[in-house]
Amino acid sequence: VMETQDGAFSEISTLNYGRLCYSLEKYEEAVNAYETLSQIAQLENNKLEALVGKMKSYFMCRNYEQTIIEAKELLANQKADNSMKRLGNYHLAKSMLATDKREEAIPLLEALSKDKGDAIGAEATYLLIEDAYDTGDFTSVENRTFAFSESGSGESYWLARSFIVLGDSYVEQNNIEQALATFNSIKENYEPSGVNDDIAGLLKTRLDKLSKLNAQ
């Protein structure tokens, strides 16, 4: 049906093909579908979905430079609603981090992290904590992690990741006792979100390493 170039039928077929490819993690095919959709779409909502789809698919293909282009185009689109713009800023910030544009990414993450109630805001908060760790600002790591914990966010995965970074910061400061207490607390209280949850593995690696250090 896509190849018939038959107006509305071709448009909706291309849209559904893009959605299907993305859901099946066939991201290169999704890019092609959404690129085609952006060229043939007549309906405004389909044009917007094509733009969002391209951005997300390029990101999953690790084509971060193109993701930045698509995200900026989305953010400049007056038809994009607040949720689309939030998604655009998220992909823009993550792609900037991936392409060593830290100074441009940090303000975007700060803005996204103001709302810690959704996955985007929670991950942005974690990324800021990780950035503070990478720059050796361990006081900021601690302050940001406890503020995250006190925010009431239900995003337990990103909170656990943040506390793991806090534990790492204690190790860097040679506060092994506090690091062990932090890691063990996560191990005892965290509920995995599914079979692909990596928190247990991250904790095991750290606890095994500290156990070997203590044995020396």
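Student: Where does asparagine 174 lie?

Tutor: This is a predicted model, and in it asparagine 174 sits in the loop between helix 9 and helix 10, the latter covering residues 176–189.

Student: Why is asparagine 174 called exposed?

Tutor: Its relative accessibility is 62%. Exposed means over 50%, so asparagine 174 counts as exposed.

Student: What makes the phi of asparagine 174 worth a remark?

Tutor: Most residues other than glycine have a negative phi. Asparagine 174 has a phi near 65°, a positive value in a residue other than glycine.

Student: And what is the phi of arginine 62?

Tutor: For arginine 62, phi is near 65°, again a positive value in a residue other than glycine. Arginine 62 belongs to the loop between helix 3 and helix 4 (64–76).

Student: How do you know whether arginine 62 is buried or exposed?

Tutor: Look at the relative accessible area, which is 65% for arginine 62. The cut-off for exposed is over 50%, so arginine 62 is exposed.

Student: Let us step back. How many helices and strands are in the chain?

Tutor: The chain holds 11 helices and 0 strands. Its C-alpha trace spans about 70 × 35 × 30 Å along the principal axes, and 41% of the 216 residues are buried.

Student: Which residues touch the most other members of the largest nonpolar core?

Tutor: That core has 45 residues, and Leu74, Leu109, Phe183, Ile186 and Ile199 are the ones touching the most other members. Helix 9 (residues 156–172) gives the largest share of this core, 9 residues. There is also a second, separate core of 7 residues, which includes Cys21, Tyr34, Leu37 and Ala50.

Student: Which residues does isoleucine 186 touch, beyond those up to four places away in sequence?

Tutor: Isoleucine 186 touches Ala160, Phe163, Ile164, Ile199 and Leu203.

Student: Why is alanine 50 called buried?

Tutor: Buried means under 20% relative accessible area. Alanine 50 has 0% relative accessibility, so alanine 50 counts as buried. You will find alanine 50 in helix 3 (residues 44–60). Not counting residues up to four places away in sequence, alanine 50 touches Tyr34, Leu37 and Ser38.

Student: What makes cysteine 61 partly exposed?

Tutor: The label covers values between the buried limit, under 20%, and the exposed limit, over 50%. Cysteine 61 has a relative accessible area of 29%, so cysteine 61 is partly exposed.

Student: Why does arginine 161 count as buried?

Tutor: Arginine 161 has 17% relative accessibility. Buried means under 20%, so arginine 161 counts as buried. Arginine 161 is placed in helix 9. Leaving aside neighbours within four places in sequence, arginine 161 is in contact with Tyr126, Asp198, Ile199 and Leu202.

Student: One more residue, please. How do you know that isoleucine 68 is buried?

Tutor: Its relative accessible area is 6%. The limit for buried is under 20%, so isoleucine 68 is buried. Isoleucine 68 is part of helix 4.

Student: Which residues does isoleucine 68 touch, not counting residues up to four places away in sequence?

Tutor: Isoleucine 68 touches Leu92, Ser95, Met96, Thr99 and Lys101. As for leucine 166, isoleucine 68 is 98 residues apart from it in sequence and 30 Å apart in space, C-alpha to C-alpha.

Terms used
Residues are numbered from 1 along each chain as its sequence is written. This is a predicted model: local features need pLDDT of at least 70, side-chain atom pairs count only at pLDDT 80 or more; totals for chains, interfaces and linings use all residues. Side-chain values use heavy atoms; hydrogens and water are left out. Helices (H or I, at least four residues) and strands (E, at least two) are DSSP runs, numbered from the N terminus. Buried means under 20% relative accessible area, exposed over 50%, partly exposed in between (1.4 Å probe, protein chains only). Contact means heavy atoms within 4.5 Å. A nonpolar core is a set of buried Ala, Val, Leu, Ile, Met, Phe, Trp, Tyr and Cys residues joined through side-chain atoms within 4.5 Å.
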